Amino acid sequence: MSAVVKIEDIHKIYESGEVPVHAVRGVSLEIHQQEFVALMGASGSGKSTLMNLLGCLDRPTRGSYLLDGVDISRLDKNELADIRNKKLGFVFQGFNLLARTTAVENVELPCLYGKQRMSAKAMRERAMHCLEIVGLSNRADHMPNQLSGGQQQRVAIARALVNEPQLLLADEPTGNLDSKTSIEVMGVFQKLNDQGITIVMVTHELDVAHYCKRYLILRDGVVVRDEATLDRSIANVELAKLKQAETAAKLLGAGSTAA
Amino acid sequence: MTRKLNTVLFPALTGAVVLALWYGLHFFLSEDRRFLLPTPGAVLAALRDNAPFLARAAWNTSQGALLGFALAVFVSFTLALLLSLSPIVRASLYPYLMALQLTPLPILAPICVIWVGAGINSVALLTFAIAFFPLVVNTTQGLISTDRNLVELFRLYRASRWQQLFLLRVPSALPYFFTGLRIAATLAPIGAVVADMNAGSSAGDGGGLGFQAIIYSSQAKYPALYATAATTCLLGFVFNAVIVIVARYSLQNWHDSYERPDK
Ligand SMILES: Nc1ncnc2c1ncn2[C@@H]1O[C@H](COP(=O)(O)OP(=O)(O)OP(=O)(O)O)[C@@H](O)[C@H]1O
Ligand SMILES: [Mg+2]
């Protein structure tokens, strides 16, 4: 199977400041279809920089990048934007939903732009389908401020899915969420991954990384570790455990008040 | 219950204390100087006796104020869109907008009179001059302080400049716009009255509250002068209330800063 992502000896040097910052120093990487990769490492180790390169949001200073077999260094700005819209979906730490815009309209946003506009009906159908995938079809008409953080992030995931991307890139998608909500979001990712979407996500939390299939550790712009996850956590199982524990705690609580 | 106490009883108490002090001061003055502070009763009587004149003057002033205010809203919004385009545009235009704002109305008034003649045209133009600045500054600020992440998001999705402006920047600038609107709504009636004093015309019963104040003071009708002040206050209050209600209504489902109390 050909790799979705194939980078070779990629470098990124930021020249904007007084001294150039060598943020990524020679990373080579292959990511195949249906992989689920966690990108970890200390703050400043170059995770976001690498994600921006993978997302074609930024060009590497050196090195080659084949995205689904296409050499992106040969593309001009417009072609790059096109391939980004077609093949990639983005999820951010801060959700980035438009306020006072309903969930379903937020999901439609990526289809509003670009050259090939769909009919409003097709767009709505597709957006509703994506909301269904993340389990929020019953919240389609809610505004972001009427949704919990976890629900907002799920809307953002639905938005990332609307153009049917091959590769989903998420930079600390659970960074603003509590642990239970994080598991729910990881559950959505696992479900998407089972359906064939390749996912790369940055995370700081080891237990979140445990839901992925493979983890990379970056240090000073270099990959220092690249392994398969042992004892992978399954979100549905963990959620069921949590629920059980909660019920038990409630029973206990009820027992002690009755006594 | 405590809420009612706070919003009704305490303001009423303050009012009662002020009235008592007012009467006290009136009777504290020697008899030949009591004209300086007519009693509230006398002011109310003057209000009643001069109601037709004051109402007509208030109506004339409101017309000038509304016209100038509407003009200011329209022009400032358009200009803010232009100013939001680039820092260079802002840098080249701001000094001159400042200059307009810093020129006092009484100085602008005679110039206006030369241009468009004394009367409602001048009053509207001068009201425009004073209400314009806070509107344009606030709206521009709103347009350029859109959440950076969302701007990036729109770029990511290849939104055009126009889409970015009207789907993202304008909606998120609305609360700023309404802040400007409230300041302008306070300034507009005051500006209209000052403009009326300096560039108004009483031709064809067209005089406003500023004119009325000049007439009463020259005739030494002091209670009527106080009544004119009260009318001006009332006018400003109505102007503000309308804007606040409009802002509430149009923003309630829209923005987090205007959440409904029942939430
Ligand atoms: N636009 C930029 N211009 C200059 N230097 C930058 C830029 N973006 C990142 N850097 C630098 O590159 C290095 C890597 O930054 P990066 O954002 O990739 O780290 P990170 O691993 O994502 O950290 P965190 O966990 O805090 O998000 C840092 O030293 C940072 O200061
Ligand atoms: Mg980062």
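Predicted model: local features only at pLDDT ≥ 70, side-chain atom pairs only at ≥ 80, totals over all residues.

Tutor: Before we start, "contact" will mean heavy atoms within 4.5 Å.

Let's take Gly180(B) as our spot. Gly180(B) sits in helix α8 of chain B, which covers residues 161–199. Is Gly180(B) buried or exposed? With the cut-off for buried set at under 20% relative accessible area, Gly180(B) counts as buried because its value is 0%. What touches Gly180(B), once you set aside its neighbours within four places in sequence? The answer is Pro134(B), Leu135(B) and Asn138(B). There's a C-alpha distance to go with that: Gly180(B) and Thr139(B) are 41 residues apart along the chain, yet their C-alpha atoms are separated by 7.0 Å.

Of the contacts in chain B between residues at least 6 apart in sequence, 70% join residues at least 24 apart. As for the surface, chain B exposes about 14700 Å², with carbon and sulfur atoms supplying 70% of that.

Chain B also brings us over to chain A, by way of helix α5. The buried residues of α5(A) pack against α7 (148–156) of chain B, as well as β6, α3, α4, β7 and α6 of chain A. The α5(A) helix runs over residues 149–161 and reaches 19 Å from first C-alpha to last, close to the 18 Å expected. Twelve of its 13 residues are buried, so the rest of the structure largely encloses α5(A). Gln151(A), Arg154(A), Arg159(A) and Leu161(A) are among those buried residues.

Staying in chain A, have a look at ligand 1. It is surrounded by 14 residues, and the closest are Ser43(A), Gly44(A), Lys47(A), Ser48(A) and Thr49(A). By type, the shell divides into four nonpolar, eight polar and two charged residues. Helix α1(A) gives the largest share, three residues, while β2 (21–32) and α1 (47–54) each supply at least two. A polar backbone atom of Gly44(A) is 2.8 Å from an oxygen of ligand 1, and a polar side-chain atom of Ser16(A) is 3.3 Å from a ligand nitrogen. Taken alone, ligand 1 exposes 640 Å², and the protein buries 62% of that.

Most residues other than glycine have a negative phi. Arg100(A), in the loop between β6 and α3, has a phi near 45 degrees. Asp220(A), in the loop between β9 and β10, has a positive phi of about 50 degrees. Arg100(A) is buried, with a relative accessible area of 18%, whereas Asp220(A) counts as exposed at 56%.

Technical notes. Residues numbered from 1 in each chain as written. Chains lettered and ligands numbered in written order. Heavy atoms only, no water. Near = heavy atom within 4 Å. Polar contact = N/O pair within 3.5 Å; in protein donor to acceptor, adjacent residues only side chain to side chain. Areas by Shrake-Rupley, 256 points an atom, 1.4 Å probe, with all protein chains shown as cover. Helix = DSSP H or I, 4+ residues; strand = E, 2+ residues; numbered from the N terminus. Nonpolar A, V, L, I, M, F, W, Y, C, P; charged D, E, K, R; others polar. Expected span 1.5 Å × (residues − 1). Buried < 20%, exposed > 50% of the residue type's maximum accessible area, 1.4 Å probe, protein only.
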